[in-house]
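Hi,

Here is the structure I said I would pass on.

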Amino acid sequence: MNKITILAAIKTFYASGKDLIDVFANLVLQVFEDTKKESLDSIQKNMTSKYSIDLPSDVLQTIIKRLRKNNLVEYSNLKTSSIALTSDGHATQESTKEGLRSKERENNSLAEDIKKYIKTNTNEDFTNQKITDELKIFIEESAEEAAFILTEGKKKNAQKEGLQKHLTEFFIEAENSDPTNFERLKSILYGEIIASSLLQNKTEVNAKFKNLNIYLDSNIIFSLMGLHEDVFNKPTKELI
């Protein structure tokens, strides 16, 4: 399962009211195979190989403790003994797996629509896999660009070229005429931002924030990334 699908799933998990630990706990459950028991080390390696997610050791330990608290895994000693799924863990694993398959179908459809758009407008033909790989880079660079503008007050990356340029053009058009695919892009981008907030290893995972609402408007994000016309991009950057 590709990284794009995982990012979209992360956003969906988070939007359902789960905190960051529960969001990633859903993914950790997926690396358990049938009745096989896992160690912290094997779980960490499987998350990297299966989802391209490098979980810091302290974060992984917090996730496993949460899973045991919710009766989804069992172990005697977290650092030295094997970790196994409970019957509830197996059930949750299966229900989460179906959600991931649904996101995978959505993102396969997105890649196919991008392919058709590029073929129609440029006569260039790319495989769905190539588009998915480039979309991953596009999302990673876009999230980094938005963060850089917010902290440094200036644009970081040069004008996109080649397939990256086509992706930019596709989503500029999608914002106005293809709300389904535009929402899919936002979901993937939000997933990248949510994942980064935990995986940077700077988050206090046990911190609690009360009476705090943060609203992240998509138009602000895309203006920060330079995806709108200059008449909108410039005022947004000056405002931030």
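**Fold and ground rules**

Going along the sequence, the protein chain runs α-α-α-α-β-β-α-α-α-α-α-α. That makes ten helices and two strands, with helices (H or I, at least four residues) and strands (E, at least two) taken as DSSP runs and numbered from the N terminus.

Please keep in mind that this is a predicted model: local features need pLDDT of at least 70, side-chain atom pairs count only at pLDDT 80 or more, and totals for chains, interfaces and linings use all residues. Residues are numbered from 1 along each chain as its sequence is written, and side-chain values use heavy atoms, with hydrogens and water left out.

Of the 240 residues in the protein chain, 42% are buried. Here buried means under 20% relative accessible area, exposed means over 50%, and partly exposed is in between (1.4 Å probe, protein chains only).

**The core**

The largest nonpolar core contains 58 residues, and F24, L27, V28 and I64 have the most contacts inside it. The term covers buried Ala, Val, Leu, Ile, Met, Phe, Trp, Tyr and Cys residues joined through side-chain atoms within 4.5 Å. At least two residues of this core come from each of α1 (3-15), α2 (20-29), α3 (40-51), α4 (57-69), α5 (87-122), α6 (128-152), α7 (162-177) and α8 (179-199). The top contributor is α2, with eight residues.

What does F24 touch, leaving aside its neighbours within four places in sequence? Its contacts are I10, I53, L55, I63, A195, L198 and L199.

With a relative accessibility of 9%, H166 counts as buried. Not counting residues up to four places away in sequence, H166 is in contact with Y117, I118, T122, E124 and F126.

**Salt bridges**

I have ten salt bridges in the structure, each one a side-chain nitrogen of Lys or Arg within 4 Å of a carboxyl oxygen of Asp or Glu.

- K103 pairs with E106, with 3.5 Å between the closest N and O atoms. The two are about one helical turn apart, because they sit three residues apart in helix α5. K103 is buried at 15% relative accessibility, while E106 is partly exposed at 27%.
- K130 pairs with E134, where the closest N and O atoms are 3.3 Å apart. Both belong to helix α6, four residues apart, or about one turn of the helix. In this pair K130 is partly exposed, at 38% relative accessible area, and E134 is buried, at 13%.
- E183 and K186 meet through their side chains at 3.0 Å, N to O. They are three residues apart in helix α8, so about one helical turn separates them. E183 is partly exposed with a relative accessible area of 44%, whereas K186 is buried with 12%.

There is also a network: D19, D22 and R66 are joined by salt bridges that share partners.

**A cavity**

How many cavities of 30 Å³ or more does the structure hold? There is one. The largest cavity has a volume of about 30 Å³. On a 1 Å grid over the protein atoms alone, a cavity is a set of points where a 1.4 Å probe fits but cannot get out, and lining residues have an atom within 4 Å of a point. Points are joined across faces, edges and corners, and the volume is the space filled by probe spheres set on them.

N2, I4, N107, L110, A111, T132 and L135 line the largest cavity. Both α5 and α6 supply at least two residues of that lining, and the largest share, three residues, comes from α5.

Most residues other than glycine have a negative phi. S52 is not a glycine, yet its phi is positive, at about 60 degrees. S52 is in the loop between α3 and α4 and is partly exposed, at 43% relative accessibility.

N71, also not a glycine, has a positive phi of about 60 degrees. You will find N71 in the loop between α4 and β1 (73-74), partly exposed at 41% relative accessibility.

Cheers

How values were computed: Contact = heavy atoms within 4.5 Å. 1 Å grid on protein atoms, 1.4 Å probe; cavity = no way out; pocket = protein on both sides within 12 Å on 5 of 7 lines; lining within 4 Å.
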